[in-house]
Amino acid sequence: PASLDGAPPGLMRDDAGHVADARTAFESLATVLRKGDGPLRVDHASACSSHLRGTSWRVIRANAKSGVLDCIDGVVRFAPSDAWEKLPSEARDAASLSLLAKVVPDAQLFAGDDTVRPHLLVSYRGYAMRLAPRLITRKSPRSDDLAHLHHSLLRSLATKQPSMPDACRLLVRWCHAQWLSDYVRQEHLELVCAAAFAPLAANSGVGEVPASARSGFVACLRVLATHDFSNAALYVDLRRCAEDARPASLGERAALVAASQRIAADYADDVEPCVAAGALARNAFLAPPEAVAWHLLVDGARAALQSLEDEDALWGSQGGKAAKQAAGAFVVLRGDVVNTGDDVRGPRALRPREAFRNLGDADAGAFVQEGPADAFARKCREAFGDVALFLRDAREPKRVAVVWRPGFDGDARQVLRAVAALGVSVVKRVEVVG
């Protein structure tokens, strides 16, 4: 791809149009919402999607009919009203969802749960969009705006550094190739990329701004490999990423972040540095990555810097060396498990086929956000996350590495049998190491 060689900068040539189309569709829907007739006026509709930031490893396309259907997430804020302060949180959730449904035609309503906010799923101009409503009062926490701030501040940085989105896409793809898809989040990697492209606003110690996507990817690896995570978290002042001077408050604000958080960003003066969760997350802040997963990421970055010419090691799906060595078993998935789609990295020969493959009938339709392999991995983490890590490359769901946690002395084979039972429709076999 042209941008990997430094020209032209910005989104890779084949994908820029798809991202622009998706942005236009969301902005059009936002205009419809603001002009809608409802009991309470919509004050603002904000995108909070990595697809629209151009940093996602997958390129979103309109009118997808099968495979894993990605959604464009956004936040809809109603005009401030003190009438909601007296209502309990459950009642506010129901009221906000009802208000939004009145101005969004033909939407599916989701009440939410302990981890997911109430939201609507609507199809607009061929795109699936999930909208989470917010009711603003005088006592509304500032953290309710963090997903929007994370999105808008990264977009501002990308305007100044057009190669940043592609570099982030490469970093995200490389992280998947390390089999860390479910343990290091998109937002964490976006902040690593921000530290590489805005070194004056970060405590990373990497001082030269990359000139291309490929050099930006290498700079991100260098940030991970050289930062002293044992003594200090990686800190980025997203508010000042576009400035040409180091913030005077950088040292003071960075000191607020515990080393155990591993990475954090500044979004506002009245919110302590953190990592913003997505628009639909009930908790506004992401939990720190697990220590073992972060160590695998850092070790992988150090190894990658020594073998940058090995394209298959960087972008393939064989997993990081440390992850494979630590695995106690491998869960091999069926060959017809849904393919999560195309992404961007390295030579074209390494790109997956663009056609989606579904379980059973090829016209089975779309899986919204989560395919069968994704659901299986999630169930494994929920049921047995306290005894093992389940490492995989979400882009190419072929194998899941089971890494037993230190101190686990239970019956490993019994756990593996239960894991196989959880994925009866997707698991082909379980291979025990040793």
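Let's start with Val75, which sits in strand 3, the stretch covering residues 71-78. Keep in mind that this is a predicted model. The protein chain has 434 residues, with 13 helices and 13 strands. Here's a quick tour of two of its residues, followed by the chain as a whole.

**Val75**
- Val75 counts as buried because its relative accessibility is 2%, below the 20% cut-off.
- Leaving aside residues up to four places away in sequence, Val75 touches His44, Ala45, Ser46, Cys48, Ala132, Arg134 and Ala279.
- Val75 and Leu280 are 205 residues apart along the chain, yet their C-alpha atoms are separated by 8.2 Å.

**Arg53**
- Arg53 belongs to helix 2, which runs over residues 50-53.
- Arg53 has a relative accessibility of 5%, so it counts as buried too.
- Which residue's side chain makes a polar contact with the side chain of Arg53? That's Glu190, at 3.0 Å.

**The whole chain**
- Across the protein chain, 55% of the residues count as buried.
- Take the contacts with a separation of 6 or more: 72% of them are between residues 24 or more positions apart.
- The protein chain exposes about 18,600 Å², and carbon and sulfur atoms supply 50% of that area.

Methods. Residues are numbered from 1 along each chain as its sequence is written. This is a predicted model: local features need pLDDT of at least 70, side-chain atom pairs count only at pLDDT 80 or more; totals for chains, interfaces and linings use all residues. Side-chain values use heavy atoms; hydrogens and water are left out. Helices (H or I, at least four residues) and strands (E, at least two) are DSSP runs, numbered from the N terminus. Buried means under 20% relative accessible area, exposed over 50%, partly exposed in between (1.4 Å probe, protein chains only). Contact means heavy atoms within 4.5 Å. A polar contact is a pair of N or O atoms within 3.5 Å; within protein, one must be able to donate a hydrogen and the other to accept it, and residues adjacent in sequence count only if both atoms are side-chain atoms. Accessible areas come from the Shrake-Rupley method with a 1.4 Å probe; for residues, only the protein chains shown count as cover.
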